[in-house]
Amino acid sequence: MILEYIRYRIDESSAAEFEAAYARAADALHKSEHCVDFELSRAVEKPDHYILRITWDSLDGHLTGFRGSELFRSFFAEIKNYVGAIDEMQHYELTSVTGTGSGADVPPTLFEWAGGAEAFDKLFTRFYELVPQDELLAPMFAGMDARHAQHVASWVGEVFGGPAEYTAHGGGYENMLAHHVGKAITPTQRRRWVDLLLDAADEVGLPDDPEFRSAFVAYLEWGTRIAVENSQPGATPMPHAPVPRWGWGMAPPWQG
């Protein structure tokens, strides 16, 4: 995942039209498969300063995928008059330094609610102790790397709002995808994986409140079904994407 930052200096007399131009240009960003999200912010202390932040799925996704598309031409047509007002335009990579503050009404992440890295390490350590005993899953994981449980715990921890350890040190989305391509996972194996992980979650004492388990199971269903699709012969999965970030959905944590 790549962050693009563009700093503008816009005269106050042109601010309204500048924002309107980006509101029109945003349609191209909404439609781009390479754009994850974006926002245009205006400085409070210096109202003539603006920052546009765009999250791209990859550097190539931006420079080749988006800029080489018809969407870029429509995007540029709206904002070309402001190119001369750019002070800086840079791409940035995420680091492992991430987190949330304790602001009011901000619910804890699923990672925090579950008990942090220790909870996920315990969960997947137990899960991969059960796998060799299961006749359906054991063949899939024969010869498994000794650190596999740790890697999966890092992935799921990041997905649930923890530090971006898998992005920084585990190879990111592309590495996780590589573990599934060509494996031809069956729907029965997928379902067993989910069931066995839920058994492990009960064994290690992962939170069992309805709100957490609803979000937890939702991700397992979503993620494993995508893994099945990506693993089939002839599949053409998206080659680059950020590690997904999963939230509470329709059932936020109960704070009674």
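This is a predicted model: local features need pLDDT of at least 70, side-chain atom pairs count only at pLDDT 80 or more; totals for chains, interfaces and linings use all residues.
**Select the whole chain.** Show the C-alpha atoms, and you will see them fill a box of roughly 70 × 50 × 30 Å along the principal axes. In cartoon view, the protein chain has ten helices and four strands. Trace them from the N terminus and the order reads β-α-β-β-α-α-β-α-α-α-α-α-α-α.

The accessible surface of the protein chain is about 14400 Å², and carbon and sulfur atoms account for 54% of it. Of the 256 residues, 39% count as buried.

**Select residues 15-31 and 70-79.** These are helices H1 and H3, whose axes come within 8 Å and cross at roughly 170°. Because of that crossing angle, H1 is roughly antiparallel to H3. Now show side chains: on H1 the contact is made by Ala 21, Tyr 22, Arg 24, Ala 25, Ala 28, Leu 29 and Lys 31. Their counterparts on H3 are Leu 71, Ser 74, Phe 75, Glu 78 and Ile 79.

**Select Met 1, Val 36 and Leu 94.** Together they form a nonpolar patch on the surface, with about 220 Å² of accessible area.

**Finish on Leu 94.** Where does Leu 94 sit? Look in the loop between strand E4 (86-93) and helix H4 (110-114).

How values were computed
Residues are numbered from 1 along each chain as its sequence is written. Side-chain values use heavy atoms; hydrogens and water are left out. Patches are made of residues with over 30% relative accessible area and no salt bridge: like charges are joined within 9 Å, nonpolar side chains (Val, Leu, Ile, Met, Phe, Trp, Tyr) within 5 Å. Accessible areas come from the Shrake-Rupley method with a 1.4 Å probe; for residues, only the protein chains shown count as cover. A salt bridge is a side-chain nitrogen of Lys or Arg within 4 Å of a carboxyl oxygen of Asp or Glu. Helices (H or I, at least four residues) and strands (E, at least two) are DSSP runs, numbered from the N terminus. Axes are lines fitted to C-alpha atoms, for helices over the stretch in contact, and angles run from 0 to 180 degrees between N-to-C directions. Angles under 35 degrees count as roughly parallel, over 145 as roughly antiparallel, 65 to 115 as roughly perpendicular and the rest as oblique. Contact means heavy atoms within 4.5 Å. Buried means under 20% relative accessible area, exposed over 50%, partly exposed in between (1.4 Å probe, protein chains only).
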